[in-house]
Amino acid sequence: MLMADSGRKAHEPAQNLSEGERLLEHEQSDVSIKGIAVFLAILAVLAVILHFGLAGLQLIFRRETRRQDLQRAGLAADPALVRTRPNFPEPRLQVAPREDLQAFRAREEAELNSYGWIDRTAGIVRLPISRAMDLLVERGLPVRGTNDTPRNISNLELQRSRAERR
């Protein structure tokens with residue numbers, strides 16, 4: 001039977017063949033196992049590379065998102081912008097609002113709890129709150145002058161005249 005097919009032309013349709021001759025028409029070579037193995041190995045290597053690459057990108061995006069969230073919340077400013085624009089015109093945005101508030105409160109506490117001059121020429125000083133309360137208890141509340149004080153005197157002039165009287 002093999003010999004009977006060898007004389008037949010390749011372009012003849014398979015319908016004219018008998019059932020025995022059709023059985024002889026099949027793939028003459030086997031599937032390349034080596035080709036399939038190489039393809040699967042390359043596919044596995046690319047899957048591992050893709051896995052680690054995506055994990056790295058996710059880490060980078062997570063850090064960037066966290067940095068942007070901190071900037072939006074006002075907890076941190078973009079360092080590149082701060083370095084490039086040190087003399088930005090007024091009004092300036094706060095670079096670190098929490099630190100600014102802490103410094104402001106520290107200055108206020110120091111001012112409230114220390115002695116200092118308000119107006120040296122007029123002899124007006126700043127007292128700590130505790131000392132001012134002690135003096136208020138000792139001396140009592142200041143009494144406003146009677147109707148004999150002129151209405152056009154400012155508070156500063158009134159304080160100066162009281163200091164001169166003591």
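Reader: Before we start, what does contact mean here?

Author: Contact means that heavy atoms lie within 4.5 Å. Keep in mind that this is a predicted model. With that in hand, take arginine 144, found in the loop between helix 6 (129-139) and helix 7 (155-165). Setting aside neighbours within four places in sequence, arginine 144 is in contact with Asn155, Leu158 and Arg162. The cut-off behind the word contact is 4.5 Å.

Reader: Is arginine 144 buried or exposed?

Author: A residue counts as exposed when its relative accessible area is over 50%. Arginine 144 has 58% relative accessibility, so the residue is exposed.

Reader: Which elements does the chain have, and in what order do they run?

Author: The secondary structure comes to seven helices and two strands. Reading from the N terminus on, the order is α-α-α-α-α-β-β-α-α.

Reader: Which element has the highest mean pLDDT, and which the lowest?

Author: For the chain, the mean pLDDT is 78, and 71% of the residues reach 70 or more. Among the elements, the highest mean, 92, belongs to helix 3 (residues 33-73), and the lowest, 48, to helix 1 (residues 2-6).

Reader: Over which residues does pLDDT stay under 50?

Author: Where pLDDT is low, the predicted coordinates should not be read in detail. The model does have eight contacts beyond four places in sequence for the stretch in question, and that stretch is residues 1-8.

Reader: Which side chains meet in a salt bridge?

Author: The count comes to one salt bridge. Its two partners both lie in helix 3, three residues apart, about one turn of the helix. The distance, N to O, is 2.5 Å, and the side chains are those of glutamate 64 and arginine 67.

Reader: Why do glutamate 64 and arginine 67 count as partly exposed?

Author: Partly exposed is the range between buried, under 20%, and exposed, over 50%. Glutamate 64 falls in that range because its relative accessibility is 33%. Arginine 67 falls there because its relative accessible area is 35%.

Reader: Which residues make the nonpolar surface patch?

Author: One member, isoleucine 36, is found in helix 3. Isoleucine 36 has a relative accessible area of 43%, so this residue is partly exposed. The patch covers about 510 Å² and is made by Val31, Ile36, Phe39, Leu40 and Leu43.

Reader: How many bridges join strand 1 to strand 2?

Author: Strand 1 and strand 2 form a hairpin with four residues between them, and glycine 123 in the turn has a positive phi of about 75°. Aspartate 119 stands opposite isoleucine 124 in strand 2. Strand 1 (residues 116-119) and strand 2 (residues 124-126) run antiparallel, and the number of bridges is three.

Reader: With which residues is isoleucine 118 in contact, leaving aside its neighbours within four places in sequence?

Author: Isoleucine 118 lies in strand 1. Its relative accessible area is 58%, so isoleucine 118 is exposed. Beyond those neighbours, isoleucine 118 is in contact with Ile124, Val125 and Arg126.

Reader: What share of the residues of the chain count as buried?

Author: To count as buried, a residue must have under 20% relative accessible area. The accessible surface of the chain comes to about 15,300 Å², with 60% of that belonging to carbon and sulfur atoms. Of the 166 residues, the buried share is 5%.

Definitions and conventions: Residues are numbered from 1 along each chain as its sequence is written. This is a predicted model: local features need pLDDT of at least 70, side-chain atom pairs count only at pLDDT 80 or more; totals for chains, interfaces and linings use all residues. Side-chain values use heavy atoms; hydrogens and water are left out. pLDDT is the predictor's confidence in each residue, from 0 to 100. A salt bridge is a side-chain nitrogen of Lys or Arg within 4 Å of a carboxyl oxygen of Asp or Glu. Buried means under 20% relative accessible area, exposed over 50%, partly exposed in between (1.4 Å probe, protein chains only). Patches are made of residues with over 30% relative accessible area and no salt bridge: like charges are joined within 9 Å, nonpolar side chains (Val, Leu, Ile, Met, Phe, Trp, Tyr) within 5 Å. Accessible areas come from the Shrake-Rupley method with a 1.4 Å probe; for residues, only the protein chains shown count as cover. Two strands pair if DSSP finds at least two bridges between them.
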